[in-house]
Structures are given as structure tokens and as C-alpha cells.
Amino acid sequence: MKQFKHLIKPYIIWASILIVVPLILIVLYAFTSDGNEVLTLHFTWANFAKFLEATYLSVILKSFRLGILTTLICLVCGYPLAYIISKYSEKVQSFLILMVTIPMWINMLLRTYAWMNILSDNGLVNNLLKMLGISPITMMYTDFSVIVGLVCNFMPFMIIPIHTSLSKMDKSLIEAANDLGANPFQTFWRITWKLSMPGVVNGIMMVFLLSISTFVIPKLLGGGQYMLIGNLIESQFISVGAWNFGSAISLILAVIILIFMSLMNKMDSQDD
């Protein structure tokens with residue numbers, strides 16, 4: 001036990017340096033005004049009050065709108081796929097889940113650039129439409145292109161938790177429902193759907209939180225005109241140089257994530 005404590009000390013030190021210290025600095029920047037020296041800090045709520053302006057509230061509303069739409073599409077498309085995968089043998093399930101996760105091995109930036117080539121005016125889709133005698137369609141820099149990028153990047157985060165819940169489900173309950181005269185819809189709604197709720201909730205939370213906090217996909221597929229929470233934070237740190245306001249937004253987003261995670265844990269404990 002003493003040897004284990006001796007080995008874990010370096011990891012605690014590195015975790016403190018790489019995680020705890022940056023978080024403390026973000027909190028410090030969020031509650032102070034710009035241009036403060038270390039010994040003469042001026043604490044203020046102005047950074048949080050600024051976020052309540054109409055311009056920034058529209059950003060969070062748009063982020064939530066695209067996040068909810070992305071989550072709904074992932075749920076509608078991901079649940080049937082997870083359900084179908086759970087019907088196969090364990091070996092086949094492992095292979096199919098591997099196929100689902102393989103795109104995640106590729107960097108998100110490269111995947112997003114691939115979608116830019118597919119959806120651009122001279123991309124694969126429009127070239128195919130030209131071959132069929134159909135006029136090209138403008139898809140880039142629209143809600144459609146941003147949502148396509150979000151759905152394709154975050155779909156595995158919906159499929160995997162749902163599949164985990166479905167694969168752990170007691171199949172004898174379905175057999176009992178069939179013996180008691182329940183039709184397929186009743187069996188699915190009263191047994192399969194309810195038992196898969198932990199996975200559904202986990203998938204919804206992960207996809208939604210990733211959708212509202214990402215900045216690469218809206219920036220590239222939206223042509224820089226889609227300002228979501230992640231893009232707003234990036235612009236404050238990189239372009240504007242307003243670290244105090246950017247830290248306040250980051251802290252607000254962190255609180256939102258913690259609230260959703262606590263709700264998710266509460267729902268999981270109730271299901272258990």
C-alpha cells in the first residue's frame with residue numbers, strides 16, 4: 001500500500017498542474033476585471049452580467065436549438081441501429097460496435113474537412129447531381145451542413161450507451177411479455193424502451209453537451225457565421241483577447257455541464 005501511494009504521488013502532482021491550476025486561473029479571470037495585476041485584483045460580476053446582453057443570449061439560444069436538433073436526429077437514427085446491433089451474437093456485436101467507433105479514430109478536424117469536400121458547391125454531392133442533370137444545391141454554410149457535421153461526429157456517443165443498456169437487458173422479460181399476449185409495440189414500449197432508458201439518457205446528455213460546446217464544426221461548415229458557445233469562447237481567447245469574459249463564459253458552460261451531469265446521475269440512480 002505504501003509503494004502504491006509512492007507511485008501515485010507524481011500523478012497527483014501532474015494532475016494538479018495540468019488540471020487544477022488552469023481551473024483556478026479560469027475562475028480567477030472570470031471574477032476579475034481586465035488589466036489587473038496579481039497583487040491588485042479587482043473582483044467584479046461584470047463579466048457575467050455582460051453575458052446577459054441580447055447578443056450573447058442569442059448565441060446560447062442558437063447553441064441550444066442546434067444542440068437539441070442534433071440530439072433528436074442522433075436519437076431517432078441511433079436507437080434503431082443500437083437495437084439492431086443488440087440482436088446479433090456477441091462476436092458480431094463487437095465487430096459492429098467497432099465499425100461504429102472506427103470514425104472516431106480519425107481526428108475531428110479531418111472528418112470535418114472531408115464533409116466540406118462532400119458538401120461544397122463543387123463537391124461530391126453536387127457533382128453527382130450534375131451527372132443526373134439536376135442543378136447544384138448550396139449546402140455549405142447553412143444549418144444543414146452544420147447539423148450534418150454534428151450528427152456524423154457525435155452519433156457514436158448516442159449508439160454506444162444505448163447498445164450497452166440493450167445488451168444487458170434480460171431477454172426473458174420479452175419472452176414473458178409475448179407469453180402474456182403483448183403485441184410487439186407493447187413489448188417494446190413497456191419493456192425494451194424502459195430498460196434502455198439509462199443508455200438513452202446518457203446518450204442524450206453526451207451528444208447535447210458536445211454539440212453546444214464544439215467550435216471546429218460550426219466554424220468550418222458554417223463558414224464562420226455560426227457563433228455557438230464554443231466559438232464564442234474561442235473568439236474571446238484567440239481573436240478578441242478578452243480572457244476575463246472568455247473565462248466567465250467557460251465557467252457558465254462548466255456549470256451547465258455539471259447540472260446536466262447531476263441530473264443524469266440522479267436519473268440513473270432512480271432507474272437502478
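These legends describe an overview and several close-up views of one predicted model.

The model is predicted: local features need pLDDT of at least 70, side-chain atom pairs count only at pLDDT 80 or more, and totals for chains, interfaces and linings use all residues. Residues are numbered from 1 along each chain as its sequence is written, and side-chain values use heavy atoms, with hydrogens and water left out.

View 1. Helices (H or I, at least four residues) and strands (E, at least two) are DSSP runs, numbered from the N terminus. The pattern along the sequence is α-α-α-α-α-α-α-α-α-α-α-α-α-α. The C-alpha trace spans about 75 × 70 × 40 Å along its principal axes. The chain has 272 residues, and 35% of them count as buried. Buried means under 20% relative accessible area, exposed over 50%, and partly exposed in between (1.4 Å probe, protein chains only). Contact means heavy atoms within 4.5 Å. Among contacts between residues at least 6 apart in sequence, 66% join residues at least 24 apart.

**View 2. Helix H8 packs against helix H11.** Two packed helices are described by the angle between their axes and the distance between the axes. H8 covers residues 156-167 and H11 covers residues 197-213. Their angle is about 165°, and their axes are 7 Å apart. Axes are lines fitted to C-alpha atoms, for helices over the stretch in contact, and angles run from 0 to 180 degrees between N-to-C directions. H8 and H11 are therefore roughly antiparallel (angles over 145 degrees). From H8, the contact uses Phe157, Met158, Pro161, Ile162 and Ser165. H11 contributes residues including Pro198, Val200, Ile204, Val207 and Leu210. By class, ten residues of this contact are nonpolar, four are polar and none is charged. Ala, Val, Leu, Ile, Met, Phe, Trp, Tyr, Cys and Pro count as nonpolar, Asp, Glu, Lys and Arg as charged, and the others, Gly among them, as polar.

**View 3. Tyr83 and Phe188 form an aromatic pair.** Rings of Phe, Tyr and Trp (its six-membered ring) pair if their centres lie within 6.5 Å; planes under 30 degrees apart count as stacked, over 60 as edge-to-face and the rest as tilted. The count comes to 13 aromatic pairs. The ring centres of Tyr83 and Phe188 are 6.1 Å apart and their planes are at 85°, so this pair is edge-to-face. Tyr83 lies in helix H3 (residues 54-86) and Phe188 in helix H10 (residues 184-195), so the pair ties together parts 105 residues apart in sequence. Tyr83 is partly exposed at 26% relative accessible area. Phe188 is partly exposed too, at 26%. Ring pairs link Tyr79, Tyr83, Phe188, Trp189 and Trp193 into a cluster.

**View 4. Phe237 and Trp243 form a tilted pair.** Their ring centres are 5.8 Å apart, with planes at 55°. Phe237 is partly exposed at 24% relative accessibility. Trp243 is partly exposed at 42%.

**View 5. Tyr56 is a buried residue of helix H3.** Its relative accessibility is 14%. Not counting residues up to four places away in sequence, Tyr56 touches Lys50, Phe51, Leu232 and Phe245. Val27 is 29 residues from Tyr56 in sequence and 20 Å away in space, C-alpha to C-alpha.

**View 6. Ser213 lies in helix H11.** Ser213 is partly exposed, with a relative accessible area of 25%. Neighbours within four places in sequence aside, Ser213 is in contact with Gly230 and Leu253. Ser213 and Asn231 are 18 residues apart in sequence, and 8.1 Å separates their C-alpha atoms.

Methods:
Angles under 35 degrees count as roughly parallel, over 145 as roughly antiparallel, 65 to 115 as roughly perpendicular and the rest as oblique.
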